[in-house]
Amino acid sequence: MLEGLGNIGDFLGGIGVVVTLAYLAIQIRKNTQSVRSAALDSISTSISEFMDKVAQDPALTKLWFDGLSGTIELSETDRQRFNLLLLSLIRRWENAFHQSRAGLLESASWAGMRGGLTFVFSSPGAQAWWERSRGLFSSEFVVFAEGAYVAMRSSSQSAA
């Protein structure tokens, strides 16, 4: 009889372990979704705040587009301001790139952000800045950014 009770105890213990593992798996999945959501929100908010700052200040808006055009001679102060603006924005995209590689940013979300990066990189001003500044970024991001730009250029040339 004690042996039968021991077997029942082992069986119930095994069921308890399975139930506990299932519960933990559900909690881990929920936590992963929450972390991914927080990463997306943080990056999206950061990029949006940058764009809002540029859009709300007419002088900064003009500086941004003059700098991107690469055809307008900027004063030394404005050139430095434009450099800092690009550095700030590209750092945000570098963060998104690393979050994506870590699995914290879903590929669909990263694809939209990547489109913004390639759009900015398609401008002559950003290209000239990148040539001077690529050393400020991680080597993995540099390889990615330059590959994305080359792919964007190739697809736009083949569409023409």
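**Salt bridges and a pocket in a predicted model**

Glutamate 94 and arginine 91 both lie in helix H3, three residues apart, about one turn of the helix. The model is a predicted one.

Colleague: Is glutamate 94 buried or exposed?
Modeller: Buried means under 20% relative accessible area. Arginine 91, at 36%, is partly exposed. Glutamate 94 has 8% relative accessibility, so it counts as buried.

Colleague: Which residues do salt bridges with shared partners join into one network?
Modeller: Glutamate 146 and arginine 134 meet in a salt bridge at 2.4 Å, N to O. This pair links distant parts of the chain, with glutamate 146 in helix H6 and arginine 134 in the loop between H5 and H6. Through shared partners, the network consists of Glu131, Arg134 and Glu146.

Colleague: Which helix gives the most to the lining of the largest pocket?
Modeller: The largest pocket has a volume of about 210 Å³. Helices H2, H3 and H5 each give two or more residues to its lining. With four residues, the most comes from H5.

Colleague: Which backbone oxygen does the side chain of threonine 118 reach?
Modeller: Threonine 118 sits in helix H4. Its relative accessibility is 12%, so threonine 118 counts as buried. At 3.0 Å, its side chain reaches the backbone oxygen of glycine 115.

Notes
Residues are numbered from 1 along each chain as its sequence is written. This is a predicted model: local features need pLDDT of at least 70, side-chain atom pairs count only at pLDDT 80 or more; totals for chains, interfaces and linings use all residues. Side-chain values use heavy atoms; hydrogens and water are left out. On a 1 Å grid over the protein atoms alone, a cavity is a set of points where a 1.4 Å probe fits but cannot get out, and a pocket is an open set with protein on both sides within 12 Å along at least five of seven lines; lining residues have an atom within 4 Å of a point. Grid points are joined across faces, edges and corners, and a volume is the space filled by probe spheres set on the points. Buried means under 20% relative accessible area, exposed over 50%, partly exposed in between (1.4 Å probe, protein chains only). A polar contact is a pair of N or O atoms within 3.5 Å; within protein, one must be able to donate a hydrogen and the other to accept it, and residues adjacent in sequence count only if both atoms are side-chain atoms. A salt bridge is a side-chain nitrogen of Lys or Arg within 4 Å of a carboxyl oxygen of Asp or Glu.
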